[in-house]
Amino acid sequence: MSSTIAVLTMAKGRHEHLLGQVDGLSVGSVPPVVHSVVSMGDRDLTRGRLPLGTDRWRTVVRPVQSDRRALPLAQARNAAAEAAVEEGADLLVFMGGDVIPGKRALERYADAVTTGAPDGVSGPVVWQGPLLHLPPLENEALGYPFGHLAEIATPTGSDPVLEPGQLLHEPDWGHFRGCAFAMTARDFADVGGFCPDYTGHGLEDADFARKVGDAGGSLVWVGGAASYLQPVPAPDTADELRIALRHAATWRARWGTDPDHPMIDRLLGAGVLQRAETGGYVAV
């Protein structure tokens, strides 16, 4: 049975990156049925001032209330999923606004769902392809060479090297990333989506992975379902610290433990965060 594919993204600013995603979809081997875009306080996007439309798929733009100091990424993903399901999608491909899908990414995800998870994999399945990192554009007027992205991009070092179409169960949920993955609409609904209590980018992905794992779910690599991350500015340490403190408190309230996460480790190592004697973390 063929899938009705939706690409879900959320954005504020960096319009050239979002348009790069649209260009990537345009040259894909399989187009989505719907591109579900959530505007996080982006007036130009909300008011339809960006050339996102095409006759190859439906484009739906939905706004969510946003605080510019901490974008509601988790809530936006849920809103994008809701809009996509309303449009009839049954396969949800989540992509951050800075991500360009590889030429066969959607095709590989759809094939994986049709083939089914590897032996021994049960519960809701998160399908995830390799993520490669693009260099800065040499000429913004020309954009990226969409037929040669793999030649200029750098793979994520921890991603496995797989043949196109090869499926591999990943037991370590630390490899999950929310900027490029796929789930069936049913599995996403069964898990309950992302926790909207997290605002800003931090522990929302780890929390979602915990939910899927606790539901008996699995993370499965999909060979050939490559996505490409465009360069983004490094986060400001003060902003990251503020978000980390709030996210760590949310995590502790939800799970009863302190989070073990690279962002926390990085801030501890930078000397701007420390563990509190009574549990949790405090700014230094």
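**View A. Residue classes in the lining of the largest cavity.** In this predicted model, the lining of the largest cavity divides by class into 4 nonpolar, 3 polar and 1 charged residues. The residues concerned are G24, L25, G28, V30, P101, G102, K103 and L106. The space inside the largest cavity amounts to about 30 Å³, and the structure holds 1 cavity of 30 Å³ or more.

**View B. The second largest pocket and its lining.** The second largest pocket contains about 460 Å³ of space and is lined by 29 residues, among which L132, A150, G224, A226 and Y228 lie nearest its centre. Two or more lining residues are given by each of strand 5 (99-101), helix 4 (105-115) and helix 5 (149-152), and the largest share, 3 residues, comes from helix 5. When the lining of the second largest pocket is sorted by class, 16 residues are nonpolar, 7 are polar and 6 are charged.

View C. The buried residues of helix 3 are L73, A74, A76, R77, A79, A80, A81, A83 and A84. Just after helix 3, the backbone at G88 takes a positive phi of about 95°.

View D. H247 is placed in helix 8, which comprises residues 237-255. The relative accessibility of H247 is 0%, and H247 therefore counts as buried, the cut-off for that class being under 20% relative accessible area. Once its neighbours within four places in sequence are left aside, H247 is in contact with Y198, T199, G200, H201, G202, L203 and E204. P259 lies 12 residues from H247 along the chain, and the C-alpha atoms of these two residues are separated by 9.0 Å.

Note on methods. Residues are numbered from 1 along each chain as its sequence is written. This is a predicted model: local features need pLDDT of at least 70, side-chain atom pairs count only at pLDDT 80 or more; totals for chains, interfaces and linings use all residues. Side-chain values use heavy atoms; hydrogens and water are left out. On a 1 Å grid over the protein atoms alone, a cavity is a set of points where a 1.4 Å probe fits but cannot get out, and a pocket is an open set with protein on both sides within 12 Å along at least five of seven lines; lining residues have an atom within 4 Å of a point. Grid points are joined across faces, edges and corners, and a volume is the space filled by probe spheres set on the points. Helices (H or I, at least four residues) and strands (E, at least two) are DSSP runs, numbered from the N terminus. Ala, Val, Leu, Ile, Met, Phe, Trp, Tyr, Cys and Pro count as nonpolar, Asp, Glu, Lys and Arg as charged, and the others, Gly among them, as polar. Buried means under 20% relative accessible area, exposed over 50%, partly exposed in between (1.4 Å probe, protein chains only). Contact means heavy atoms within 4.5 Å.
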